[in-house]
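Please keep the sequence and the 3D view open beside the text.

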Amino acid sequence: MDAKELRSKSDQELRDELNALLKEQFNLRMQKAIGQAARNDQFSKVRKNIARVKTVMTEKQRGGE
């Protein structure tokens with residue numbers, strides 16, 4: 001997922017994407033806690049994608065002022 005794709009999405013789609021990423025992050029944390037975490041690289045990828053979505057949401061918000 002790159003920022004160019006995110007900028008073309010609507011505000012609702014960005015919120016949905018953010019919620020999905022936060023759920024995925026939670027699930028990864030739970031898997032790690034019970035010892036099932038098989039993909040350690042996913043933690044950083046999800047965290048970076050959350051940051052990208054939040055950045056684009058902020059850009060859109062400030063651009064509309």
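Which residue forms a salt bridge with Asp41? The partner is Lys45, and the closest N and O atoms of this pair are 3.2 Å apart. A salt bridge here is a side-chain nitrogen of Lys or Arg within 4 Å of a carboxyl oxygen of Asp or Glu.

Before going further, a word on the ground rules. This is a predicted model, in which local features need pLDDT of at least 70 and side-chain atom pairs count only at pLDDT 80 or more, while totals for chains, interfaces and linings use all residues. Residues are numbered from 1 along each chain as its sequence is written, and side-chain values use heavy atoms, with hydrogens and water left out.

**Salt bridges**

Side chains of opposite charge can pair when their charged atoms come close.

| Salt bridge | N to O distance |
|---|---|
| Arg7 and Glu59 | 3.0 Å |
| Lys9 and Glu17 | 3.4 Å |
| Lys45 and Asp41 | 3.2 Å |

Let us begin with Arg7 and Glu59, whose side chains meet at 3.0 Å. Because Arg7 sits in helix H1 (residues 3-7) and Glu59 in helix H3 (residues 41-63), this pair ties together parts that are 52 residues apart in sequence. Helices in this account are DSSP runs of H or I with at least four residues, numbered from the N terminus. Arg7 is partly exposed at 43% relative accessible area, and Glu59 is partly exposed too, at 37%. For these terms, buried means under 20% relative accessible area, exposed means over 50%, and partly exposed is in between, with a 1.4 Å probe and protein chains only.

The pair of Asp41 and Lys45 has another setting: both residues lie in helix H3, four residues apart, about one turn of the helix. Asp41 is partly exposed, with 42% relative accessibility, and Lys45 is partly exposed with a relative accessible area of 43%.

That leaves Glu17 and Lys9. Glu17 lies in helix H2 and counts as buried, at 19% relative accessibility, whereas Lys9 is partly exposed at 25%. Not counting residues up to four places away in sequence, Glu17 touches Met1, Lys9 and Val53, where contact means heavy atoms within 4.5 Å.

**How H2 meets H3**

Two packed helices are described by the angle between their axes and the distance between the axes. Helix H2 (residues 11-33) packs with H3 at an angle of about 155°, and their axes are 10 Å apart. The axes are lines fitted to C-alpha atoms, for helices over the stretch in contact, and the angles run from 0 to 180 degrees between N-to-C directions. H2 and H3 are therefore roughly antiparallel, a label for angles over 145 degrees, with under 35 counted as roughly parallel, 65 to 115 as roughly perpendicular and the rest as oblique.

The crossing of H2 with H3 is left-handed, that is, the near helix is turned anticlockwise from the far one by less than a right angle. On the H2 side the contact includes Leu14, Glu17, Leu18, Leu21, Leu22, Gln25 and Leu28, and on the H3 side it includes Phe43, Val46, Asn49, Ile50, Val53 and Met57. By class, this contact has 11 nonpolar, three polar and eight charged residues. In that scheme Ala, Val, Leu, Ile, Met, Phe, Trp, Tyr, Cys and Pro are nonpolar, Asp, Glu, Lys and Arg are charged, and the others, Gly among them, are polar.

Ile50, in helix H3, is buried with a relative accessible area of 7%. Its contacts, leaving aside neighbours within four places in sequence, are Leu18, Leu21, Leu22 and Gln25.

Residues up to four places away in sequence aside, Asn49 touches Met1 and Leu21.

Gln31 belongs to helix H2 and is partly exposed, at 31% relative accessible area. Gln31 touches Gln36 and Ala37, again not counting residues up to four places away in sequence. The C-alpha atoms of Gln31 and Thr55 are separated by 27 Å, and the two residues are 24 apart along the chain.

Notes
Helices (H or I, at least four residues) and strands (E, at least two) are DSSP runs, numbered from the N terminus.
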